[in-house]
Amino acid sequence: MSGIIGYGAYIPRNRIKVEEIAKVWGADAPSYKKGLLLEEKAVPSPDQDTITMSVEASKNALRRAGIDPREIGAVYIGSESHPYAVKPSGTVLAEAIGATPDVHTADLEFACKAGTEGMFIALSLVQAGAIKYGLAVGADTSQGAPGDALEYSAAAGAAAFIFGREKLVAEALDTFSYTTDTPDFWRREYQYYPQHGGRFTGDPAYFKHVMGAAQGLLAKAKMKPSDFDYVVFHQPNGKFPLRVGEMLGFVRKQIDPGWLVPKLGNTYSGSSPLGLTATLDIAKPGNMILIVSYGSGAGSDGFIFRVTDRIDEVRELAPRTRDLLDRDKVYLEYGTYAKYRRKIRKAE
Amino acid sequence: MPTPSRYWREIPQRYRLEAEKCKGCGLILFPPRLVCPQCGKREFERTKLAGTGKLLTYTVIRVAPEGFEDQSPYAVGIAELDDGARLTAQVVDCDFSRLKVGLRVKLEFRKIHEDGAAGVIHYGYKFVPE
Amino acid sequence: MRDVAVIGLGMTKWGELWAKPLRSIFVEAALLAIEDAGLDRIDSMVVGCMSSGLFVGQEHLASLLSDYLGRNPIPAARVESACSSGGLALRQGFIEVASGMSDVVLVGGVEKMTDVTGCEATFALGTAADQEYESYHGLTFPGLYAMMAVAHMHRYGTTRDQLSMVAVKNHDNGSKNPLAQFPSKVTVEMVNQSVLVADPLRILDCSPITDGAAAVVLCPLDMAKRMKKPAVRITGSGQATDTISLSSRKDITRLESTHIAAGKALAMAGRKIEDMDLFEVHDCFTIAEIMITEALGLAAPGQGGKAVEDGVTGLRGKHPVNPSGGLKSKGHPVGATGVAQAVEVVKQLRGEAGERQVKGAKRGLTQNMGGTGGSALVHVFEAD
């Protein structure tokens with residue numbers, strides 16, 4: 001038996017509203033809000049990045065896991081906004097939590113799926129008996145090109161999971177990954193902003209792979225949507241996860257606890273992982289949770305978790321995801337947001 | 001700002017708040033030293049700083065030194081941590097009007113500075129309101 | 001130990017001296033001091049300079065300056081203790097004469113600060129703080145002193161107006177000093193409304209960036225008497241260190257190193273603080289002067305603000321502080337300040353201070369400080 005023994009989230013305090021962005025680009029805010037089912041998104045402060053958020057999320061996970069960090073055998077950060085092009089993020093995280101030096105570290109990237117990739121690898125190593133504990137983080141501070149549709153949703157956040165074999169909070173029952181080569185969203189080296197295929201990012205990309213992974217996993221596990229208490233999908237905007245849930249046969253009640261995007265935005269590699277932490281925050285012992293991520297390029301990782309009794313003991317040991325989402329928000333106007341996100345060209 | 005080796009040397013302190021406690025008089029030394037300034041003894045036991053405390057004083061820096069210009073204005077403070085040790089750091093996620101002597105704070109891992117667009121990124125601790 | 005006299009003074013106008021390199025600035029002041037001494041003999045030289053390396057890329061400064069002064073091969077040393085480098089140079093020169101090691105010693109201080117940008121200057125000055133645990137986090141000197149001010153105001157009720165009154169007083173004195181960088185007067189309103197640098201300190205609470213030098217010539221008292229020079233003696237010298245970091249201080253509202261150094265200097269001179277007629281102190285920031293008056297014992301702890309408000313430290317007050325205009329109005333070319341303080345005190349004791357003369361001044365004290373008080377140099381001067 002392997003699974004999650006600790007989980008933690010981190011969300012920066014700054015927000016910017018759809019109206020504020022729309023105002024600058026002369027766009028119609030109400031139609032964006034309606035079309036994307038999005039109100040505002042989280043913005044990192046200039047002193048926050050994928051690494052700093054990963055550290056804080058991991059510390060929250062450690063608080064819930066209650067283990068000695070020196071026994072962590074692997075540390076993975078999955079992100080599409082690693083601070084360095086060459087120099088690992090994971091090593092900073094491993095040092096900060098005290099897991100070094102006997103630890104395996106790798107940085108992962110696969111658009112928004114990099115977080116669940118790390119989870120898949122850490123879980124697999126634990127299942128194989130190769131390591132005692134594995135830490136996987138999905139974190140991003142992604143950029144949306146100014147004036148582009150993705151600017152409304154590209155947000156920042158991190159979720160961390162520690163996997164092990166004892167004192168499980170949620171047992172991992174099964175996994176399934178679905179992958180094809182589909183160029184729906186990409187960024188070439190030295191380019192500052194990503195590009196995407198517009199409507200091509202819908203059916204042939206997000207929906208095909210999320211459906212593929214979900215259906216594949218359900219078939220493999222011989223389960224159906226009504227067997228689950230909760231389901232978490234990757235959330236690039238408010239609409240896609242609701243639509244794919246409907247297409248698969250899930251109901252709103254199952255989706256809502258992990259549906260953070262209207263107030264959070266798309267935290268990319270942190271998106272479905274944060275949906276999972278938010279769901280664990282309210283789950284009861286015995287609950288079945290299905291999580292399916294999506295990363296452009298393209299692929300989806302699906303996991304089935306069953307919550308254990310231990311959830312009630314650990315839940316309050318670190319901040320709840322929704323508390324981080326709702327607390328002490330600082331609303332930015334576009335100028336400050338642009339300065340924070342380095343969209344303003346300065347002298348060299 | 002520090003060269004790679006100067007930065008790397010302080011990682012146990014900057015990332016993990018590793019400190020030492022004098023076996024003679026109990027003074028907490030951060031960063032660790034070879035000689036206790038209070039009692040002169042040279043034997044220590046390893047410890048870590050408490051992660052919470054209260055501000056003893058603060059200010060808002062509006063004229064920044066080289067490397068920090070983009071961050072200006074930013075708040076800094078000296079806090080007395082709950083274990084009695086004192087620490088100097090920036091205070092972030094805190095509206096300047098909230099700054100006051102006695103404000104409860106906790107330590108968070110943040111980026112301190114970047115050595116330009118091509119240099120090493122320096123990380124460390126900052127205070128956030130508790 | 002022999003008695004030590006100051007027989008020569010030299011100081012040029014301070015300011016942004018774009019056309020002058022460091023070496024010229026120093027040599028001009030040194031030549032004035034040597035001329036004033038009336039003795040074309042220098043046995044040894046001590047130079048105070050905080051960071052010619054960071055400001056102009058020049059180390060090996062003492063040799064450079066003895067070369068440009070035309071005095072090779074005399075022994076020459078450059079000493080550094082941040083902003084008290086000048087006071088430290090004075091002490092080293094004093095020790096050299098008092099011990100009998102040398103007879104005629106030229107003590108100079110110099111700093112050339114305008115060849116770098118404001119940011120670079122702030123960084124260079126920041127090297128007086130703890131690089132890894134203060135400066136690393138973006139602390140500046142105004143920031144450190146601002147934190148001392150916040151603590152002082154919180155604990156003792158020191159007011160914004162009282163800080164401003166220090167600047168008003170010093171500019172008033174400086175307006176009578178032809179060598180001052182900023183001899184214009186200011187009002188409390190002007191200071192209160194000047195732009196914030198590090199809350200609550202405003203630009204007019206802060207000493208400026210300055211190019212300048214000052215020099216004195218020291219010799220044994222016997223020699224001065226034989227030369228029939230008006231001899232002002234250095235009767236006391238005291239130095240003390242304190243923690244480099246402000247956070248390590250036992251009391252961040254107190255300048256302990258100044259208190260200790262002053263005690264030592266006064267003890268050496270066999271004097272009490274009340275015996276002094278004037279004081280030249282290190283008002284790098286207005287709050288610093290307030291804390292220094294307390295550390296020297298001119299005001300009780302926490303009462304330094306009231307002392308300036310009540311005029312106690314005014315030019316015609318009971319304890320005149322900074323008749324020269326202080327760092328605030330005169331300028332603060334870091335390494336030169338400690339020596340310039342000596343120049344002012346000796347001028348006053350010779351009765352040559354013109355409009356800013358403290359009547360009947362017979363004994364004066366200089367207090368020079370480094371960083372946030374990590375070093376303090378105090379000297380006592382007496383006219384015969």
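Helix H3 of chain C, spanning residues 61–68, has four buried residues to look at in this predicted model: Leu61(C), Ala62(C), Leu65(C) and Ser66(C). Buried here means that 20 or more other C-beta atoms, placed from the backbone, lie within 10 Å of a residue's own. Helices are DSSP runs of H or I with at least four residues, strands are runs of E with at least two, and both are numbered from the N terminus. Seen down the axis of H3(C), the buried residues fall within an arc of 125°, so they line one face of the helix; the arc is taken over directions from the helix axis to the C-beta atoms. An α-helix has 3.6 residues a turn, so residues three or four places apart point the same way. The buried residues of H3(C) pack against helix H1 (22–37), strand S2 (44–48), helix H2 (52–56) and strand S3 (76–79) of chain C. Just after H3(C) comes Gly70(C), with a positive phi of about 75°.

As for confidence, chain C has a mean pLDDT of 97, with 100% of its residues at 70 or more; pLDDT is the predictor's confidence in each residue, from 0 to 100. The complex as a whole gets an ipTM of 0.95 and a pTM of 0.93 from the predictor. In this predicted model, local features need pLDDT of at least 70 and side-chain atom pairs count only at pLDDT 80 or more, while totals for chains, interfaces and linings use all residues. Residues are numbered from 1 along each chain as its sequence is written, and chains are lettered from A and ligands numbered from 1 in the order in which they are written.

Two pairs of chains touch, and the most contacts are between chains B and C; a contact needs two C-beta atoms, placed from the backbone, within 7 Å. Chain C puts in 29 residues and chain B 27 residues. On the chain C side, the elements giving two or more residues are helix H5 (118–126), helix H6 (141–156) and strand S5 (196–198). H6(C) supplies the largest share of that side, seven residues. No contact joins chain A and chain C, and their closest C-alpha atoms lie 12 Å apart.

Chain A, in turn, is divided into domain 1 (3–169 + 314–340) and domain 2 (170–307), with bounds from an automatic or database domain assignment. Taken over C-alpha atoms, the centres of the two domains of chain A are separated by 16 Å. Their contact takes 47 residues from domain 1 and 43 residues from domain 2.

Terms used:
Buried ≥ 20, exposed ≤ 12 C-beta atoms within 10 Å, placed from the backbone.
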